[in-house]
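Biologist: I would like a close look at a single part of this model. Please keep the wording plain.

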Amino acid sequence: MKLSKLLSLVTVASVATVGLGAADIKLSEDEMKKATQVYFDRCAGCHGMLRKGALGPSLEPEKSIAMGTEALKVIINDGTPGGMPGWGKSGELTPEETALMAKYIQIEAPQPPEKSMADMKASHKLLIPVKDRPTAPEAGAENWKDYFAVILRDVGQIAIVDGKTKKVVSVVPSGYATHITRTGASGRYMYVIGRDGKASMIDLWMKEPKNVAEFRPCNDARSIDTSKHKDYMDKYAVIGCYWPPSIVTVDADTLEPMKIVSTASYTYDENVYTREARVAAIIASHEKPEWVINVKETGQVWLYDYSNVMNPKITMVEAERFLHDGGWDLSKRYFMSAANARDVISVIDTQEGKLVKNIPSQGTKPHPGRGANVDHKKLGPVWITGHIGSNDIVAIGTDPVNHPKNAWKVVKKFQLPGEGGGNLFVKTHPNSKYIFADRPVNPDRKLQTQIYVIDKEKLEVVKTIPIPEKYLKSADPKVKARGPVHFEFNADGSEVWTSIWGNKLTASPILVFDSNTLELKSVIDDKRLITPTGKFNVTNTMTDTY
């Protein structure tokens, strides 16, 4: 069961304790268990396990009580233009669940459990030993470097889709609400991390790819990556935990745990201790035996040297608080990281191990994913992000050598059409003349269900592609699928894929467009594609192309 350890700790005794936060609100043991699970599934990522806020605002009782149950129900049901999804309106929460959550966030949060190395090792499963795995791609797996790992969010599965044939070749169990997938440097294994902290690795050389190992070091997680330096290629993997806040290094062939490092620490600016110091984005250096790791609440970026894995050297770079997602610039020297609750992009020079600059993003709550890199003819190399809380898209110059006047500042800002934010991802490829942006958490149905096409040279929206209603189908006509979410290119960049973020009632398609003519080339409509969201192409993931 997801989060079973946490739920098992929510006892009648703890209900009596948490009920003290709001004297007129009482929840039964069963209600507490259900609300705790819903909060974990839908809310903790933005508001924190302890409800202290980050990307989303604090939901601590003193604030929630002041708002009142009825106002909270409206927000949970309808969402906000600032990026809060309308969980009720989209059908993900029933009216009863919406009312329950409005009450739940007015009482004290139950304390989540910790994990020891013994707990972690007990969860480890070596499903197929290394000696029993293929020594070369099996017949039928010839296209494995153009495979896509497609997250089936709400059913806890990964679909492996052949980028050449457009066929689903395998559906593999994973953790709940997988956040990302990453490949090793060679691309052979796809590493998966669920929001319930379950990690798994899929062998893509098998005719029917399947899990070869599983491991659950966290109760809540968002990030995983591997060692990409040439001397340590595919030797280690690293898992970043939201809870317990920690970094766990594992053997990349087996997921056997090797080292735990706690990230609970002091905030860089006020030197206030925080238990909740969650690990958000992780990227692997290609030049050093080093992981670049965001420690969200402390405002630090850790440069984690894994060359001595049991005695790691960690350089703590002070940046800005609430670091979330980000990616490499075009040179793969600079890490561009969104401190989204502070509306800042922090630039880390991984070669010199220091902060270059904290850049105001000129929008509300930047959320780049990895961002999009463009070698612009006039501006030079730029890195691009959108925002959840506003309709702003910004390009930041990243070349201090050849374009020093443009380096480390916003060199172009433009807007997506219409009001409000809702953008989660921007993506491009060197072989496409466009950048693609989504908007799945904008409350306006029209804005939510369009693809926004941005010309790389003009750096402005030149076309919107509405998604026909036939692709937004649902078994329940009252429940509408969200619009397109997340973009990924095939290996040669000739196609861009996006998925319809549906619900568990109905399978949803993946739409495949020509990345330059914008023609809809294919619709991958397989009954196994339930709530498809993120998509990760093997070649682009192993080379960090975005």
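Which helix gives the largest share of the lining of the second largest pocket?

Modeller: The model is predicted. Helix α3, residues 29-42, gives the largest share of that lining, with three residues. In total, 14 residues line the second largest pocket. Those that lie nearest its centre are R42, G91, E92, D154 and K504. By type, the lining divides into seven charged, five nonpolar and two polar residues. The space in this pocket comes to about 340 Å³. As a general point, empty space is found by rolling a probe the size of a water molecule over the atoms.

Some strands can be described as well. Four strands form an open sheet in the order β23-β24-β25-β26, and their pairing is antiparallel. At its edges are β23 (372-376) and β26 (410-415), each of which pairs on one side only. From one strand to the next, the twist averages 25 degrees. Within this sheet, strand β24 (residues 380-385) and strand β25 (residues 392-397) run antiparallel and are joined by four bridges. W383 stands opposite I396 in β25.

Another pair is β15 and β16. Strand β15 (residues 279-284) is largely enclosed by the rest of the structure, because six of its six residues are buried. A hairpin of five residues leads from β15 to β16. Strand β16 (residues 290-295) runs antiparallel to β15, and four bridges join the two. Here I282 stands opposite I293 in β16.

Terms used:
Residues are numbered from 1 along each chain as its sequence is written. This is a predicted model: local features need pLDDT of at least 70, side-chain atom pairs count only at pLDDT 80 or more; totals for chains, interfaces and linings use all residues. Side-chain values use heavy atoms; hydrogens and water are left out. On a 1 Å grid over the protein atoms alone, a cavity is a set of points where a 1.4 Å probe fits but cannot get out, and a pocket is an open set with protein on both sides within 12 Å along at least five of seven lines; lining residues have an atom within 4 Å of a point. Grid points are joined across faces, edges and corners, and a volume is the space filled by probe spheres set on the points. Ala, Val, Leu, Ile, Met, Phe, Trp, Tyr, Cys and Pro count as nonpolar, Asp, Glu, Lys and Arg as charged, and the others, Gly among them, as polar. Two strands pair if DSSP finds at least two bridges between them. Axes are lines fitted to C-alpha atoms, for helices over the stretch in contact, and angles run from 0 to 180 degrees between N-to-C directions. Buried means under 20% relative accessible area, exposed over 50%, partly exposed in between (1.4 Å probe, protein chains only).
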